[in-house]
Amino acid sequence: MMRGFLRLFPLEFKLALRNPDLLLFGLGFPVGIMVLIGLVSSPETTRLGFGGVGAVGIAATGLMGLPLTISDYRHRRVLTRFRASPADPAALLLAQGLTQLCVALISAALVWLSAALLFGVRVEGGVLRYILAFLVAAAPVYTLGCLVASLAPDMKTANAAASLLYFPMLLLAGTTVPTEIMPKGLRFLAEILPLGQGVRLLKSAVLGTPLVDDLPRILALLVFSILGYSVAATSFRWD
Amino acid sequence: MDTALRVRGLRKSYGALVAVDGVDLEVRRGETFGILGHNGAGKTSLIECSLGIRARDAGEVEILGMNPVTERKALFDLVGVQFQESGWPDAIRVGELCELGSALYSRPRDWRALCRELGLVGKEKIKAKELSGGEKQRLSILLALLPDPELLFLDELTTGLDPVARREVWSLLEGLTGKGVGIVLSSHYMDEAERLCDRVTVLKAGRIVALGSPAELAERNGVLNLEEAYLAIIGAKEVA
C-alpha cells in the first residue's frame, strides 16, 4: 500500500494544482479575506481574525477539495478502475488527503505571510504551536470530508453534503466572522461545530495562552476524528 | 488447470429489470472468447459481475482459479481490464495517466515501451480526453496491458471507431493472442467476432442462447457467416 501511495501522491498533487476551484477557494480566498480584515479592523481584531482565517484553507480543502475529488473519481469510474487492480483504496484516500493538506498548509503560510508583512501580526505561541493547532484543527474537518467522500453515491449528493458542511463552518465557526462579535445563540453554534473548536485552538496559538487549557479540546477533536475515520474507511463505496 | 474463467448460475437484476439471468460459462486459457448481443442484452453486466466490480445477486465466479472478490489483489496483477467508459481523472495527460495506471500494480510493464508498441509515442503531454477515438482505445488497451496480463477483458472496445481504426485494434489484439494472452471481449460487430474469436456466445435478455465457434454457429443455422447466424439465433426478422 505504501508503495502505491508514494507513487500516487505526486500525481494527485500535480492534478490538484491544476484545479482552479481549489486554487481560488483554497489559496486566493483566504489571503483576500485576511487582507480585507486587516484593512478594516483594529490591530487586535486583525490578530484574532488571523487565527480564524488560517482555517479557511482547512475548510476549503477538507470539505470541498477532498470529497469532491473522490466523488468525481467515483462518477468518472476512476474508482472502478482502481477496483479492477491490486490497488488499495486507502492508498488513494491517503494520497488525496495529504495533497489537500499540503494545499491547506500553503494557504495558511500565505495568510500568515500577508498578516505578518502587511499588518505586523505575530504568533505569540510560536510556529510549532501554530502548526500543532493547525493539524489538530484539520483532523476533524478532514474526517467529515472523508465521510462524504466514502458515502456519497453521486456528485449531486456529494455537492449538497459538502456545501451543507462548508458554508456553516465558513460563516459560523469563526473563520471569517469573528465569534467574538456574534450573539449568544450563534456563538453556541460555533462552539459545537468541529471547526469552531479548531479555530479556538488556532486563536490560542496566536495569543499564546497556556497549552494546558486546550488539552480537553484537543483530546475531543482527536477522538472524534479517529471514530469518524474508522466509519469512513469501513463504509467506503467504489460505485 | 486450463480454465481462464468459470461462471456458474450468475444472476443480476436492477429492480425489475433482469440483466443476467442464470448464466453458466467456461472460457479456456489462451482462447479469444466473444460475448455477443444487442445493446442491453447483458454483456457489460456479465463482464462486470464476473470481475466483481459490480455486485451480483447470485452465482459463482472463478478467474484463473481465483475468487475475484476475496482474492482481488492477487488476481488483478494477472488480469487486465479495459472499460467501456474511460475512467480517467479530468484534465489528466497521457503520460500522467500511464504513471497513475502503473502505480496500481506491483510489477507494471514499462509504459513507455507500451507507448512505442501501440503507436502513442509523442502523445505523452497531450490531455487524454483530447486524443482521437482510435488513440483513446489504444490508450485504454495500454492501461489494460500494464500488469502484463495472462487474461484480458475488453468491453466493446471498437464501438464508435471508424473502419480503419477498428482494423488497427484487431491486428493489435491478434498480436496479443499470438503471445498466448487470453481475451474475453464483448461486441456487437459480427465481422469482428468472426475474425478474432475462437468461440462466441450469444446473449439475449441476459440468457445464453448460443455457444460455439463462429463456423459452428453458421453451420448449425445453415448459413454462411456469423452475422447471418446471429440474426437467426436472436430471431430478427429479415429486412427486405
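Reader: What is the volume of the second largest pocket?

Author: In this predicted model, the second largest pocket has a volume of about 480 Å³. Its lining comprises 20 residues, and those closest to the centre are Ala90(A), Leu93(A), Leu94(A), Cys146(A) and Tyr229(A).

Reader: Which elements give two or more residues to that lining?

Author: One reads a lining by asking where its residues lie along the chain. Here, helix 6, helix 7 (127-151) and helix 11 (215-234) of chain A each give two or more residues to the lining of the second largest pocket. Helix 6 of chain A provides the largest share, namely seven residues.

Reader: How do the residues of this lining divide into nonpolar, polar and charged?

Author: The lining of the second largest pocket holds 18 nonpolar residues, two polar residues and no charged ones.

Reader: What is the volume of the largest pocket, for its part?

Author: The volume of the largest pocket is about 680 Å³. It is lined by 27 residues, of which Asn19(A), Asp21(A), Leu22(A), Leu68(A) and Thr69(A) are the closest to its centre.

Reader: Which helix of chain A gives the most to the lining of the largest pocket?

Author: Helix 4 of chain A does, with seven residues. At least two lining residues come from each of helix 1 (2-16), helix 2 (20-40), helix 4 (56-75), helix 6 (89-119) and helix 8 (155-172) of chain A.

Reader: How many residues of the lining of the largest pocket are charged?

Author: Six are charged, while 16 are nonpolar and five are polar. The lining of the second largest pocket, by contrast, has no charged residues.

Definitions and conventions
Residues numbered from 1 in each chain as written. Chains lettered and ligands numbered in written order. Predicted model: local features only at pLDDT ≥ 70, side-chain atom pairs only at ≥ 80, totals over all residues. Heavy atoms only, no water. 1 Å grid on protein atoms, 1.4 Å probe; cavity = no way out; pocket = protein on both sides within 12 Å on 5 of 7 lines; lining within 4 Å. Points joined across faces, edges and corners; volume = space filled by probe spheres on them. Helix = DSSP H or I, 4+ residues; strand = E, 2+ residues; numbered from the N terminus. Nonpolar A, V, L, I, M, F, W, Y, C, P; charged D, E, K, R; others polar.
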